[in-house]
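Thanks, everyone. Let me put the structure up, and then we will go through its side-chain contacts.

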Amino acid sequence: MKTIVWFGFVLGALSAAGEVILTQPWQKATIKCGVNAYTQTLEWRHGDDLITRVINRRPPAKSSGTSGTALRSRVKGETDLVISQVREEDAGKFSCVTDGNRRDHTLLVVSVSASPSAELQPGSKATLKCHVIGLDTGHTVQWKRPDGNSHSGSPTVELNPVTLSDNGTWKCTFSQDGGTFHEDLVIKVQEPAPETAPPSPSRSPDGNQKPTCPNCVTKPPPAALLLGLSWWMWTAVGAGGLVVLLLIVFVIVLCKRNKRRKKRILKMKNSRQPLMPKNYCQCDRPAAAAKPQQGRRREKPSATPLPPLPMQ
């Protein structure tokens, strides 16, 4: 009988064992309660702060709590709690209570970084940082090198100077609730590319330069370098000629237009002058003799003088 009771106690303790969830700032975290269903009530708490409470399997329209964590949390499915845009203040203990049974979980907010960057060169300086929020008191954070050896027990590592052996994946390790966890940071250490000088052309015995490639064929200069002008100078000359041609065409068109306009204006002025009187047809016959006035006597014509008598 005692064995059965002890076995049931162990099963109850295991079922109530919490879960450790790792996340990074501004990401989404999902915390599983540990049970698939419940009968009457479901309650989530962050430490002593109430996040949400569900009664008779009817989720509330909004979170029951007033903290920042509560405002960014919601119940997903039957019992899971989802926190959006995780912040450092969300780290710590979470409790899920279903029908009076409590299960504790831990949310750790982990961030790793390299300064000035994760791509380094030999001989430079760099600082590796591991920041873990939510760990229990007394737990330490340390780094492991790419070769698997542990670095000094500190969340900050100073690489001075950086060597090729620092290239690889660094692990920030820590323990919580009897388990060991880690967050990876990839460091790339690369040698700077050597500066290669262009090969100097060799010279023939007669003093002329030889091509660096013996089988190469010397190409004639491109058309863009004719007359000692580069391609952009030829382009500028062509563009300038095109602009001048367009200006000439524009001036010709404008002159013709002004000429037509002047003719039209002159024609309109002529059409507005008054009409000349009509010229009737006149006959080429002599005018009629004037009638003699009445009451006057007509004078007799004078006698024609006689010619003189001849002399005897």
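One definition to start: buried means under 20% relative accessible area, exposed means over 50%, and partly exposed is in between, with a 1.4 Å probe and protein chains only. This is a predicted model, so local features need pLDDT of at least 70, side-chain atom pairs count only at pLDDT 80 or more, and totals for chains, interfaces and linings use all residues. Residues are numbered from 1 along each chain as its sequence is written, and side-chain values use heavy atoms, with hydrogens and water left out.

Salt bridges next. The rule is a side-chain nitrogen of Lys or Arg within 4 Å of a carboxyl oxygen of Asp or Glu. That gives 10 salt bridges. One of them joins Lys 171 and Asp 184, at 3.3 Å from N to O. Lys 171 is in strand S13 and Asp 184 in strand S14 (residues 179-189), 13 residues apart. Strands are DSSP runs of E, at least two residues; helices are runs of H or I, at least four; both are numbered from the N terminus. Lys 171 is partly exposed at 30%. Asp 184 is partly exposed too, at 37%.

Now Arg 72 and Asp 90. Their salt bridge is 2.7 Å, N to O. Arg 72 counts as buried at 14%, and Asp 90 is buried at 0%.

Then Arg 53 and Glu 43, with the closest N and O atoms 2.9 Å apart. Arg 53 lies in strand S4 (residues 49-55) and Glu 43 in strand S3, so the pair ties together parts 10 residues apart in sequence. A network of salt bridges links Glu 43, Arg 45 and Arg 53.

On to the cysteines. How many disulfides are there? Taking sulfur pairs within 2.5 Å, the count is 2. Cys 33 and Cys 96 have their sulfur atoms 1.8 Å apart. The S-S torsion is about -85°, so this disulfide is left-handed. Cys 130 bonds to Cys 172, sulfur to sulfur 1.7 Å. Here the torsion is about -80°, so this one is left-handed as well. Both Cys 130 and Cys 172 are buried. The pattern is 1-2, 3-4, counting bonded cysteines along the chain.

Last, aromatics. Rings of Phe, Tyr and Trp (its six-membered ring) pair if their centres lie within 6.5 Å; planes under 30 degrees apart are stacked, over 60 edge-to-face, the rest tilted. There are 2 such pairs. Trp 143 and Trp 170 have centres 6.4 Å apart and planes at 75°, so they sit edge-to-face. Both are buried.
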